[in-house]
Structures are given as C-alpha cells and as structure tokens.
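Subject: Structure for your review

Dear colleague,

Please find below the structure that I am handing over to you. My findings follow it.

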Amino acid sequence: MEQKENIELKKQEGIAWYAIRVTYSREMIFKEYLDGHNVENFIPMHYESTDLGAKKSRKLVPIIHNLVFVHSTKRSIDTFKSELEVRLPIRYIMDKATGRPIIIPDKQMQDFIAVSLSLIHISEPTRPISIS
C-alpha cells in the first residue's frame, strides 16, 4: 500500500527520471551539485584500467560521458539549468518525435540501475581468454 501511495505522490508532484546531457565530461561535477541539493541521480559507472608503466591503476569512471539521470520535477531541473547555465550548461535529452524531454519510467530505471550496479562488481578475467 505504501509503495502505491509513493507512486501516486510522485505523479502528483511530477517527479520522474530525466536524461540530462552535461557538456565536456563534467557529469561528476553536476552529480556533486545534485547530491548537495538532495536530488536523486544516477550515473552508470565502471572500472577502467590504466597502465602507468610499472603500475596498473583502476579507476571508477562513467560508462557514458556527459549523461546523468535525474529523479526530480521538471520545474526543479529547469531551476538548476538557470542557476548553472554559465558555469555548467545542462540540457535535456529530447524525444525527437514529441519535442519533449525524455522521461524514463521508474521500473525501467530501477532495472537499469540494478544491472549497472551489478556490473561494477564483476572482476576482470584473471587469465587471457582465447577464442577458437
């Protein structure tokens, strides 16, 4: 019953998952801003290995640069856009057919987050893989 009430409240407030484009690979800066404003957001991440000569390094980085999923109202996101316009331009990813911002259904986003988070914990192969 509580989950049904939360869904109804979200619909009334217009809270949805929006796909937002951030320029120049500054998605982590935008994430910090959203976190500071207590706005739920998600950036799919993965470990990237780099070879630094004698050392190897693994770093957690965005899978798709310039993309942040934001769970908020359109009005709130528009406010963020206005506040950040000069130093951190953000844009909605638009649906070409309707000309409106793309909205990701909650269930699809939950599934996407679950799959993305599970991929972070997959270790790299410990032996070379041969293809016959």
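**Findings**

Strand β5 is mostly covered, since 6 of its 6 residues are buried. Here "buried" means under 20% relative accessible area, "exposed" means over 50% and "partly exposed" lies in between, with a 1.4 Å probe and protein chains only. Helices (H or I, at least four residues) and strands (E, at least two) are DSSP runs, numbered from the N terminus.

Please note that this is a predicted model, in which local features need pLDDT of at least 70 and side-chain atom pairs count only at pLDDT 80 or more, while totals for chains, interfaces and linings use all residues. Residues are numbered from 1 along each chain as its sequence is written, and side-chain values use heavy atoms, with hydrogens and water left out.

**Overall layout**

The protein has 4 helices and 7 strands, in the order α-β-α-β-β-β-β-α-β-β-α along the sequence. Of its 132 residues, 30% count as buried. Among contacts (heavy atoms within 4.5 Å) with a separation of 6 or more, 71% are between residues 24 or more positions apart.

Two strands are taken to pair if DSSP finds at least two bridges between them. β1 and β5 run antiparallel and are joined by 6 bridges, with A16 standing opposite S72 of β5. Strand β2 (residues 40–42) also pairs with β5 in the antiparallel sense, over 3 bridges; the partner of F42 in β5 is F69.

Elsewhere, strand β3 (residues 45–52) and strand β4 (residues 55–62) form an antiparallel pair over 8 bridges, in which M45 has P62 of β4 as its bridge partner. Their hairpin has 2 residues between the strands, and G53 takes a positive phi near 75 degrees there.

**Nonpolar cores**

A nonpolar core is a set of buried Ala, Val, Leu, Ile, Met, Phe, Trp, Tyr and Cys residues joined through side-chain atoms within 4.5 Å. The largest one has 19 residues, and those with the most contacts inside it are I20, V22, F30, L34, V68, V70 and F80. At least two residues of this core come from each of β1 (16–22), α2 (27–36), β5 (67–72), α3 (74–84) and β6 (90–92). The greatest contribution is that of β1, with 4 residues. A second, separate core of 8 residues includes W17, F69, M109 and I113. In soluble globular proteins, nonpolar side chains tend to be buried together.

Two residues illustrate the surroundings. Leaving out residues up to four places away in sequence, V70 touches A16, W17, Y18, I20, F30, L34, V39, E40, N41 and I77. I90, found in strand β6, is buried, with a relative accessible area of 0%. With the same exclusion of residues up to four places away in sequence, I90 touches I20, R21, V22, F30, I77, F80 and K81. The C-alpha atoms of I90 and L67, which are 23 residues apart along the chain, are separated by 9.7 Å.

**Helix packing**

How do α2 and α3 pack, and at what angle? The angle is about 120 degrees, and the axes are 13 Å apart. Axes are lines fitted to C-alpha atoms, for helices over the stretch in contact, and angles run from 0 to 180 degrees between N-to-C directions. The two helices α2 and α3 are therefore oblique to each other; angles under 35 degrees count as roughly parallel, over 145 as roughly antiparallel, 65 to 115 as roughly perpendicular and the rest as oblique. The contact is made by F30, Y33 and L34 of α2 and by F80, E83 and L84 of α3.

**Backbone points to check**

Two residues other than glycine have a positive phi. Y24, in the loop between β1 and α2, has phi near 55 degrees and counts as exposed, at 70% relative accessibility. N66, in the loop between β4 and β5, has a positive phi of about 75 degrees and is partly exposed, with a relative accessible area of 25%.

Yours sincerely
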